Amino acid sequence: MHIAITGAAGFLGQRLVQQLLAHGELRQQPITRLTLLDQVEAPLPESGSLSVSSLALDITAPGALDSVLDQRPDVIYHLAAVVSSAAEADLELGMRVNFDATRALLEGCRAKELTQTRLIMASSVAAYGGALPAVLDDMTALNPQNSYGAQKAMCELLINDYSRRGIIDGLVLRLPTIVIRPGRPNAAASSFASSILREPLNGEEAICPVPVELPMFVMSPGKVVEALIHGAEVPSKSLAPFRAFMLPGITVTVAEMLEALRETAGEKALSLVRHEPDARIEAIVAGWPAHFETAKAKQLGFVGDDSFKQIIDAFVTEQQ
């Protein structure tokens with residue numbers, strides 16, 4: 001079993017690599033090879049006898065993925081992306097990385113006739129927007145209100161069509177906002193959702209740029225990685241007719257997130273959160289829906305978090 005991962009140097013890619021190594025197999029076949037792709041070389045893990053290669057390349061360059069596709073990977077995880085705020089600030093960059101590179105990947109699979117390759121792309125709650133029902137389901141019309149969401153929505157349609165044609169065996173997992181991300185804040189508009197918890201838990205100040213009554217649809221990194229792995233196991237016949245759906249996150253307001261922080265780490269940690277409104281960030285995040293019916297994901301065996309407290313506890317345990 002050969003698995004290729006774009007965006008493998010990112011935090012999600014790195015967690016996925018570690019979990020794949022821990023599993024040792026996929027689709028009841030031993031994993032024999034991992035190919036890690038990113039704009040910088042992803043760290044090489046301790047892998048025993050398993051072959052792991054790390055390539056630094058620009059996936060937007062013509063033919064950049066040809067040598068990898070020539071090796072006919074059985075599963076491709078497509079995680080590489082320019083995140084929300086950065087894609088909104090630079091339309092050309094977002095289009096080149098989020099859309100053009102995805103289309104080039106699909107066309108590469110078509111040229112190499114990789115009809116049995118399972119291609120799993122990470123999409124986003126940002127694909128939704130505008131006037132929406134109180135509770136969304138997987139077939140609620142996509143109406144993104146920012147460029148990042150539009151780029152993801154276009155990719156979803158392409159992957160579904162290429163799968164319908166039998167060019168690839170595609171799957172799109174719409175990710176809730178991932179909380180709590182490790183490391184430092186990044187350019188994602190949702191970055192604050194992790195920093196208002198991560199930094200106070202580490203005794204540092206953090207800024208909350210949105211109203212506390214704002215609801216969000218969230219999922220822990222651990223459950224997202226479990227979903228990515230499970231996505232390779234789901235039979236193709238179970239995915240039709242539309243191969244994109246939302247993972248089973250939980251709905252929580254920023255106020256409830258901060259209350260969970262107080263319950264875990266006390267008033268001192270809560271006092272480290274400063275409230276400084278940022279209209280730009282609020283405009284992006286407030287456009288993302290927060291209430292979903294995720295029946296298809298659950299029917300296919302995807303599992304979410306039980307509570308937001310469980311998400312915080314998992315992060316604290318990992319830091320110990």
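Which residues of α8 are buried? They are Val254, Met257, Leu258, Ala260, Leu261 and Ala269, where buried means under 20% relative accessible area, exposed over 50%, and partly exposed in between, computed with a 1.4 Å probe on protein chains only. The model is predicted, and local features need pLDDT of at least 70, side-chain atom pairs count only at pLDDT 80 or more, and totals for chains, interfaces and linings use all residues. Residues are numbered from 1 along each chain as its sequence is written, and side-chain values use heavy atoms, with hydrogens and water left out. Helices (H or I, at least four residues) and strands (E, at least two) are DSSP runs, numbered from the N terminus.

Helix α8 covers residues 254-270. Its 17 residues would reach 24 Å in a straight helix at 1.5 Å a residue, but the end C-alpha atoms are only 12 Å apart; the expected span is 1.5 Å times one less than the number of residues. A bend of about 105° is found in α8 at Thr264, the bend being the angle between axes fitted to the seven residues ending there and the seven starting there.

The buried residues of α8 pack against several elements: α6 (192-201), β10 (206-208), β11 (215-219), β13 (250-253), β14 (273-275) and α11 (308-319). Contact here means heavy atoms within 4.5 Å.

How do α6 and α8 cross? Their axes come within 10 Å and cross at roughly 10°, which makes α6 roughly parallel to α8. Axes are lines fitted to C-alpha atoms, for helices over the stretch in contact, with angles from 0 to 180 degrees between N-to-C directions; angles under 35 degrees count as roughly parallel, over 145 as roughly antiparallel, 65 to 115 as roughly perpendicular and the rest as oblique. From α6, Phe192, Ala193, Ile196, Leu197, Pro200 and Leu201 take part, and they meet Val254, Met257, Leu258, Leu261, Thr264, Ala265 and Ala269 of α8. By class, this contact of α6 with α8 has twelve nonpolar, one polar and no charged residues. Ala, Val, Leu, Ile, Met, Phe, Trp, Tyr, Cys and Pro count as nonpolar, Asp, Glu, Lys and Arg as charged, and the others, Gly among them, as polar.

The loops come next. Arg243 sits in the loop between α7 (221-233) and β12 (244-246). Is Arg243 buried or exposed? Its relative accessibility is 11%, so Arg243 counts as buried. Beyond its neighbours within four places in sequence, Arg243 is in contact with Asn160, Ser163, Asp169, Gly170, Leu171, Val172 and Ser236. Pro241 also lies in the loop between α7 and β12, and the peptide bond joining Ala240 and Pro241 is cis, with omega about 5°.

Most residues other than glycine have a negative phi, and most peptide bonds are trans. Another cis bond runs from Val179 to Ile180, with omega near 10°; Ile180 is in the loop between β9 (177-178) and α6.

Arg27 is in the loop between β2 (25-26) and β3 (29-30) and has a positive phi, near 55°. Gln28, in the loop between β2 and β3, has a positive phi of about 60°. Arg27 is partly exposed at 26% relative accessible area, whereas Gln28 is exposed at 74%.

Finally, Ser49 occupies the loop between β4 (33-38) and β5 (51-56) and is exposed, with a relative accessible area of 80%. Ser49 and Arg33 are 16 residues apart in sequence and 9.5 Å apart in space, C-alpha to C-alpha.
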